[in-house]
Amino acid sequence: MYSIYPKKISQLSYHLIKFFEEAGEGTSDRTLFYGVSTHAWSRLWQICVPPKVKVLIWRVLLNILPTRERLRSKGIQGDIGGCVLCGAREETLHHVLLECPFTALIWQNSPLQTEWRDRDTRDLNGWLEQNLMGGERHKTELLFMLMWNLWNERNTVVWTAKRRSPCEVVDGAVRLLHEFKEHQPTKLVPLSRAQAKWQKPPLGAIKINVDGALHVQTGSGGGGIIARDSAGCFVAARACRFTHVSSPEHAEVLALRAAILFSQDLGPGPKIIEGDAQGVIRTVQTTLEDRSLLSFLFSDCKFLISQLENTSIQFVFREANRVAHRLARLAITLPGTLSWLQDPPDAVCDVLVEDSL
Ligand SMILES: [Zn+2]
């Protein structure tokens, strides 16, 4: 579905470009259309956001969204009002998406923490082109998602008079983008274990890496858990010691259960739990009943994960899970559970730095 729709729209925008160029509209520079290069127009359809978001940005670039100013310019008579978000007298597209005080709060409170005035750019289309051509891909995706949710908010206020706070609009956009990306086929699967490297989570999400370890002679197990944000920065870590552990798989499922509880402790917001115990992760992901000796632990993991919104579990090669692995080895030597909230444990600092490069 997603492969056909953007292509159709892309063809439409191409024909529109040709039509306006031949009609002499847009700009005299044949490489630009509405101040945006043809290269940037085609980039728009490659951005990984829902098709409805791409269509909105396409309409923004063409300045064809039905703002009140545009309705007035089309001959709609009478008092049709101004900006519903702040009460300003004129509601232009430039105002809604850039100048409105409500919008400014959205840009500031988003993980982008930006203001469009920070940019060395001339106008709305210039800003969008800058993001399409030179911006980091994950930031451009969130920017577009925020714009879509902002326009959606504006329409909700127009039609129902219900309002959300700027933070709610931001949270909604981050959540929708996370859900959309979660259901996309993974393209960046490493070709081999040797190529595997820890990857940052999407903007606004937290990635929790987990690993289990076993000391066979003593039956002691360890669980290593580390949370990092989309910039690769340390958020929190935990090392749990387990007793009476019977097998490596037992240690892995205990560690995974501890990671799910840890995710709960971190509060709301999108999270990805990542571990290298493929069999354990597969068993937790499947709906089939497990009949092994560890079935009660697997059932508990499934139940706990079902209670969490926006938390997913995925497999990663051991080579991309080194911090959690080292914490799990450390955990075996501890008298109990240890947590770190501000600074990471010294024992993993070197691997943390390597991962973030
Ligand atoms: Zn306004």
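This is a predicted model: local features need pLDDT of at least 70, side-chain atom pairs count only at pLDDT 80 or more; totals for chains, interfaces and linings use all residues.
**Entry 1: getting oriented**

I count two strands as paired when DSSP finds at least two bridges between them.

I began with the overall tally. The protein has 14 helices and eight strands. I then looked up burial and found that 38% of the 357 residues count as buried. For contacts between residues at least 6 apart in sequence, I noted that 71% join residues at least 24 apart.

**Entry 2: the sheet**

In what order do the six strands of the open sheet run? I read it off as β7-β6-β3-β4-β5-β8, and the pairing is mixed. The edges are held by β7 and β8 (338-340), each with a single partner strand, so one side of each has no neighbour in the sheet. From one strand to the next, the twist averages 15 degrees.

A reminder to myself on the background: strands of a sheet pair through backbone hydrogen bonds, either parallel or antiparallel.

How many of the five residues of β6 are buried? I found five of the five, so the strand is largely enclosed by the rest of the structure. My cut-off for buried is 20 or more other C-beta atoms within 10 Å.

Next I checked which way the residues point. Lys271, Ile273 and Gly275 point one way from β6, while Ile272 and Glu274 point the other way. Two charged residues, Lys271 and Glu274, are thus on my list of buried positions in this strand.

Then I turned to the neighbours. β3 and β6 run parallel and are joined by five bridges, and along that pairing I found Lys207 opposite Ile272 of β6. On the other pairing, β6 and β7 (residues 311-315) also go together in the parallel sense, over five bridges. There I wrote down two facing pairs: Glu274 stands opposite Gln314 of β7, and Lys271 stands opposite Thr311 of β7.

I also asked what covers this part of the sheet. Helix α11 packs on the sheet and touches β6 and β7, its direction making about 140 degrees with that of β7.

**Entry 3: α10 against α11**

Helix α10 (residues 248-265) packs with α11 (residues 278-285) at about 55 degrees, and their axes are 9 Å apart. Why do I call α10 and α11 oblique to each other? Roughly parallel needs an angle under 35 degrees and roughly perpendicular starts at 65, so this pair is left as oblique. The crossing is right-handed.

The contact involves Glu249, Glu252, Val253 and Leu256 from α10, together with Gly279, Val280 and Val284 from α11. By class, I get four nonpolar residues, one polar and two charged.

**Entry 4: α13 against α14**

The axes of α13 (residues 322-332) and α14 (residues 349-356) come within 9 Å and cross at roughly 170 degrees, which makes the two helices roughly antiparallel. Arg322, Val323 and Arg326 of α13 meet Val351, Leu352 and Asp355 of α14. I sorted this contact into three nonpolar residues, no polar and three charged.

**Entry 5: loops and backbone angles**

Most residues other than glycine have a negative phi.

The phi of Asn63 is near 55 degrees, a positive value. Asn63 lies in the loop between α3 (51-61) and α4 (68-73), and I class it as partly exposed because it has 14 C-beta neighbours inside 10 Å.

Asn310 has a phi near 60 degrees, again positive. I found Asn310 in the loop between α12 (295-306) and β7. With 17 other C-beta atoms within 10 Å, Asn310 is partly exposed.

My last stop was Val216, in the loop between β3 (206-215) and β4 (220-228). Is Val216 buried or exposed? I count 10 other C-beta atoms within 10 Å, so Val216 is exposed.

Terms used
Residues are numbered from 1 along each chain as its sequence is written. Axes are lines fitted to C-alpha atoms, for helices over the stretch in contact, and angles run from 0 to 180 degrees between N-to-C directions. Helices (H or I, at least four residues) and strands (E, at least two) are DSSP runs, numbered from the N terminus. Angles under 35 degrees count as roughly parallel, over 145 as roughly antiparallel, 65 to 115 as roughly perpendicular and the rest as oblique. A crossing is left-handed if the near helix is turned anticlockwise from the far one by less than a right angle, and right-handed if clockwise. Two residues are in contact if their C-beta atoms, placed from the backbone, lie within 7 Å. A residue is buried if 20 or more other C-beta atoms lie within 10 Å of its own, exposed if 12 or fewer, and partly exposed in between; C-beta atoms are placed from the backbone.
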